[in-house]
Amino acid sequence: MTRPLNGGVTAGRPQSAAPGATTVEMRGISKWYSNGVMANDHVDLVLNPGEIHALVGENGAGKSTLMSILCGLEEPTDGEIRLDGQTVSFSSPVSASEAGIGMVHQEFKLFPSLTVAENVAFRAEPTRLGMFLSRREARERVRELADRYRLGVDPNAKVGQLSVGMLQRVEILKALHRDAQVLILDEPTAVLTPQEVDDLFAVLRELRDAGRTIVVVTHKLREVMAFSDRITVLRDGRSIATLTTSETNPAEVAHHMTGRDVDLDGRYNAGSPAGVALRVDGLFVQNELGVMVVSDANFSVRHGEIVGIAGVAGSGQTELIESIAGLGGHSSGVVELDGTDIHQLSAAERRRKGIAYIPEDRRGVGSAVTASVSDNLAMGFHRRAPLRKGWRLDRAAMKRHSADIIEAFGIRVSHAKVEAGTLSGGNLQKVIVGREMSHDSAVLLVDQPTRGVDIGAIENIHGRLRAYRDRGHAIVLTSAELSELFALADRILVMYGGRVVAEYPRADATEAKIGLAMAGITQQTLTGSEETT
């Protein structure tokens with residue numbers, strides 16, 4: 001059922017449109033905010049029925065704003081949306097849903113204590129006699145949709161007991177239950193294992209082949225080339241190009257995104273490991289709730305070596321890094337830096353001994369967003385010369401210090417006195433990376449260095465990490481991107497359930513091996529199963 005929206009226009013698929021044949025046209029879409037920020041500037045986007053359309057662009061290119069307009073979260077300043085030739089406008093996500101447009105956000109909106117069927121049918125429950133909720137019909141409807149699109153989800157399963165990949169499928173089921181003909185997915189593979197990514201793409205192809213329109217907002221060009229039919233590139237709020245995937249290549253897409261040639265190869269260059277810089281032995285970490293989040297971690301990292309840590313979100317890798325840095329919950333075990341046990345030292349003392357730390361949460365932990373870029377770049381240097389002169393900070397020295405890092409790391413900022421919180425995600429990350437590398441510490445801990453940053457910033461950060469290693473430093477790197485680990489790490493550890501369950505030299509590491517270990521399946525597991533059998 002459709003209803004009048006803004007201006008009395010009736011949203012929804014025109015009566016003449018065949019089911020599953022929705023064509024979306026966004027013409028001349030502009031979005032200006034009251035503070036003068038322009039997010040979209042006369043953007044054109046056409047989505048055809050029965051296609052997977054990738055929407056790509058650097059941070060701040062306007063992708064999320066454009067999709068927020070399409071799904072009713074934002075209203076455009078100018079331009080129009082047409083569904084099968086009929087002009088529509090959406091006042092809310094509910095009105096967009098009634099028109100057949102659904103969106104799966106990065107942050108899932110599910111109730112852990114309810115079943116899959118209860119989550120899927122929430123606020124769209126089938127009824128008997130027009131007034132009584134029918135749980136049985138809801139379960140049957142969800143089972144039928146799951147079977148039809150090979151989603152493999154049990155309607156009776158409790159959502160709180162499902163994997164991340166399954167949770168995403170529940171969100172897709174929610175949209176299908178509301179008869180979404182246009183399905184938007186925002187960065188859908190950010191927290192999935194490689195096997196879950198393959199499964200997701202299989203589902204999306206099933207939906208495409210059934211006539212649905214799929215839009216995937218992403219920055220992962222390898223995946224874009226693997227699953228999409230067409231690609232639209234945004235840059236600086238404008239639509240730069242729409243490409244047929246089979247007729248283009250990653251280099252061309254990256255050039256449209258950035259306006260320049262970008263090195264996308266990410267070829268691994270081996271380090272020259274020397275003596276042990278960091279040794280972790282029998283490390284256990286409990287969080288604030290007393291839950292053991294890291295159990296019996298044992299590994300070492302040598303000077304001139306990058307050791308990567310793979311694992312799905314929540315496997316303990318962040319807590320492990322925090323513990324080595326002297327942060328996080330209660331821990332026990334041995335942490336040695338160049339042969340000296342630093343486990344009892346505070347975070348500040350560890351930093352003075354030679355530990356630098358680039359955290360996953362760049363805004364909440366890695367920076368003071370209300371302080372200036374200059375002040376952020378001075379953190380950790382402010383207690384000693386040359387930035388400190390007696391009891392006071394030397395402002396002239398701070399200015400030179402910040403200017404050197406801004407130039408060396410290509411930080412795009414109008415002035416070092418602007419608030420760090422006003423920078424884009426990629427530029428704020430460069431501030432943190434530049435500051436921590438400038439300490440020239442023996443060991444650098446790096447947690448998700450390129451999460452959410454664009455391809456230009458990724459290229460810059462990767463080059464800096466390699467150069468830091470090649471100067472004889474040791475790096476511990478966690479990343480949700482296997483391609484990043486393969487491009488940078490000399491060895492790869494895999495964490496599952498708080499434990500280090502596998503270790504692979506770079507020469508032996510494959511996506512299949514790492515992906516299985518991330519799911520808790522290792523060679524030892526398989527061997528044990530065979531013996532049991």
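Which residue in strand 2 is the bridge partner of E25? The partner is V46. This is a predicted model, where local features need pLDDT of at least 70, side-chain atom pairs count only at pLDDT 80 or more, and totals for chains, interfaces and linings use all residues. Residues are numbered from 1 along each chain as its sequence is written, and side-chain values use heavy atoms, leaving out hydrogens and water. Helices (H or I, at least four residues) and strands (E, at least two) are DSSP runs, numbered from the N terminus.

- Four strands form an open sheet in the order 2-1-4-5, with antiparallel pairing. Two strands pair if DSSP finds at least two bridges between them.
- Strand 2 (38-47) and strand 5 (86-88) stand at the edges. Each has a single partner strand, so one side of each lacks a neighbour in the sheet.
- Strand 1 (residues 24-32) and strand 2 share 6 bridges in the antiparallel sense.
- Helix 1 (residues 63-70) packs on the sheet and touches strand 1, strand 2 and strand 4 (78-83). Contact means heavy atoms within 4.5 Å.

**Helix 8**
- V253, A254, M257 and T258 are buried in helix 8 (residues 250-258). Buried means under 20% relative accessible area, exposed over 50%, partly exposed in between (1.4 Å probe, protein chains only).
- Why do they lie on the same side of helix 8? They cover an arc of only 120° around the axis. The arc is that of the directions from the helix axis to the C-beta atoms.
- The buried residues of helix 8 pack against several elements, including helix 7 (221-227) and helix 14 (455-470).
- N249 caps the N-terminal end, with a side-chain oxygen 3.1 Å from the backbone nitrogen of A251.
- Just after helix 8, G259 takes a positive phi of about 80°.

**Nonpolar cores**
- The largest nonpolar core has 39 residues. A nonpolar core is a set of buried Ala, Val, Leu, Ile, Met, Phe, Trp, Tyr and Cys residues joined through side-chain atoms within 4.5 Å.
- Helix 13 (residues 425-438) gives the most to this core, with 5 residues.
- Another core, of 33 residues, lies apart from the largest one. Among its residues are A157 and L204.

**Two positive phi angles**
- H42, in strand 2, has a positive phi of about 50° although it is not a glycine. H42 is partly exposed, at 48% relative accessible area.
- D440 is not a glycine either, yet has a positive phi of about 55°. D440 lies in the loop between helix 13 and strand 21 (443-447).

Conventions. A polar contact is a pair of N or O atoms within 3.5 Å; within protein, one must be able to donate a hydrogen and the other to accept it, and residues adjacent in sequence count only if both atoms are side-chain atoms. Axes are lines fitted to C-alpha atoms, for helices over the stretch in contact, and angles run from 0 to 180 degrees between N-to-C directions.
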